[in-house]
Number of protein chains: 2
Amino acid sequence: MIGRVCIVGAGTIGSLFAGHLAQVVDVCVLTRRREHAQALDEHGLRVTGRTELTARLDATADPSALPQFDLGIVCCKGTDLETVAASLEGRAAQATLMTVQNGLGAEGVVRRHGDWPLISAITFMSGTRHSDTEVEYILDTATWLGPYEETPLARVREVEALIRSSGLRAQAFEDLRPLQWSKLVFNATVNGVAALTGLPHDFHFASEAEPTDLGRLVHALMEEGTAVAQAAGPGTADDPWEMNVHATGRGSGHYPSMLEDVNAERPTEVESINGALVREAERLGVEIPLQRSLYALVRAREASYS
Amino acid sequence: MIGRVCIVGAGTIGSLFAGHLAQVVDVCVLTRRREHAQALDEHGLRVTGRTELTARLDATADPSALPQFDLGIVCCKGTDLETVAASLEGRAAQATLMTVQNGLGAEGVVRRHGDWPLISAITFMSGTRHSDTEVEYILDTATWLGPYEETPLARVREVEALIRSSGLRAQAFEDLRPLQWSKLVFNATVNGVAALTGLPHDFHFASEAEPTDLGRLVHALMEEGTAVAQAAGPGTADDPWEMNVHATGRGSGHYPSMLEDVNAERPTEVESINGALVREAERLGVEIPLQRSLYALVRAREASYS
């Protein structure tokens, strides 16, 4: 029985979870900034777009002030995860924690700080954060979740049911890893190419008519990534190239987060996405020269920040 | 005997040639913009930096108004070369023309518009254009020149002597092609990587300590390019990697033109540099997957311009 959920990190994804879940369960929020917590405490959280609601929340920037909770959804960016997980160490002994970071390895980072049962998750929800207390819910796509290590599938199903009861989409899987790999290969390629070229994820990514068309490179990058997924064991659940063709066929291009990050000269998630893929390939002895190049170029782009 | 030189295109390089050569020979200038020609006619051309001089010039934007000349130095950007060469068709029957564009194939573009004797050239001079009538001479490095097709070496030596007499550096070679290939491989790599990453040509390009350091990618790209140069016949005169290490060892990084172009959302010279390299590799059956990626990414960057 999940009586209270703690949302750790109230960016776009964290805010979408917090706003919806607060309709069906007690929600507390751990923010990075004190003024963010104060604003949420004072004004609540407004969700617009596909849902229209206002949620009352308990928010704090101080981990020691958190009440006990049964489920923690860790929504911070991958670049902040180490710090955030360390701040939870020794707390919430009875809680299950769920990670929704992009890339690979978030569960391992959290595990180093405690023996909570963990749930792996990847989310395809999207939204736009308009302020500390308002988020617009744009794409009502699902969050996928599965057990990590010994976590019972029943616990995962319980979380799936809770999320669904709040009005969000969720789907539990016995083994999330092939889905994580599909998204990893997709994200490494689409985010990396977008960050370097400035292109949103538009038709260029799927154009293969001419030998020099960008789609040829995207396809080759995804084939390299798929080979790593196969060598790692799980393989890919969905073909990343088909995901790419499908996503770009929807019309106007989505701006991948890594492109937004480099445009704003913010640290990107290149280490937990492209870096994770390259390190897995090295560990498994798979040659991925094009993905290695992409990784080196995005890192160099970060090094160019003024 | 060279009595009059026509400078075709008065960007930075054209202005440096025009200002210096006007000290020792009659110089006329063909500009793209009418107001540029008027400004040069009215105020002359000022060179600052390594040289301090003011030159009186005849300038026009109308090819039919050009006087006869003995040597034409074609200094326009590669992206304008086809239009510029077409505007010279049927003119200056007794002239020798010299091309200084980056990349490969400039001589062939000019040849399609007339049977002038041609001189191949590459220049390492650099400067900054402050206005239509002022250019700052920054690096007093040489222009290298050599015969194209049947042009006698004696003609090349005559041009070398003229350029030197004007205070600029020049060196004639019997076969410029290995030097052109060195510069092509160097330029394709350094310009492409800089355009994508936003980095000036600085120490990152030569760092190879860690497997993921940018220098590893730069080195691999240059090895691919060198393989094409060898398959093409001439090979490279100077090792592009050593040129890279040497250039980045000078301290603060130079901003390659392709980086300046993408920052200003201008068309780049990617076709005559990276495109030329990729097409030569295809013609010769040499596999260059990393250079192909670089080419596709820079083209995609251009496609992202708003």
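Start with the largest cavity, which has a volume of about 70 Å³ in this predicted model.

If you're wondering about other holes, a search of the whole structure turns up five cavities of 30 Å³ or more.

Select the residues in contact: 23 in chain B and 23 in chain A. Putting the two chains together buries about 2,000 Å², with carbon and sulfur atoms giving 67% of that area. On the chain B side, click on B:T197, B:T212 and B:L297; these lose the most area to chain A, together 26% of what that side buries.

Stay on chain B and highlight α6 (177–197), α7 and α11, each of which supplies at least two residues of the side that touches chain A. Which helix gives the largest share of that side? Pick α11(B), with 11 residues. Colour the chain B side by class as well, and you'll find 13 nonpolar, six polar and four charged residues.

What about links across the interface? Between chain B and chain A, the count is five residue pairs in polar contact, both residues at pLDDT 80 or more. Salt bridges across this interface come to zero.

Salt bridges do turn up elsewhere, though: the count over all chains is 35. Side chains of opposite charge can pair when their charged atoms come close. For one such pair, select A:R112 and A:E82, whose closest N and O atoms are 3.2 Å apart. This pair links distant parts of the chain, 30 residues apart. A:R112 is in the loop between α4 (106–111) and β8 (118–123) of chain A, while A:E82 belongs to helix α3 (residues 81–88) of chain A.

Conventions. Residues numbered from 1 in each chain as written. Chains lettered and ligands numbered in written order. Heavy atoms only, no water. 1 Å grid on protein atoms, 1.4 Å probe; cavity = no way out; pocket = protein on both sides within 12 Å on 5 of 7 lines; lining within 4 Å. Points joined across faces, edges and corners; volume = space filled by probe spheres on them. Contact = heavy atoms within 4.5 Å. Buried area = accessible area lost by both parts, 1.4 Å probe. Salt bridge = Lys/Arg side-chain N within 4 Å of Asp/Glu carboxyl O. Polar contact = N/O pair within 3.5 Å; in protein donor to acceptor, adjacent residues only side chain to side chain. Helix = DSSP H or I, 4+ residues; strand = E, 2+ residues; numbered from the N terminus. Nonpolar A, V, L, I, M, F, W, Y, C, P; charged D, E, K, R; others polar.
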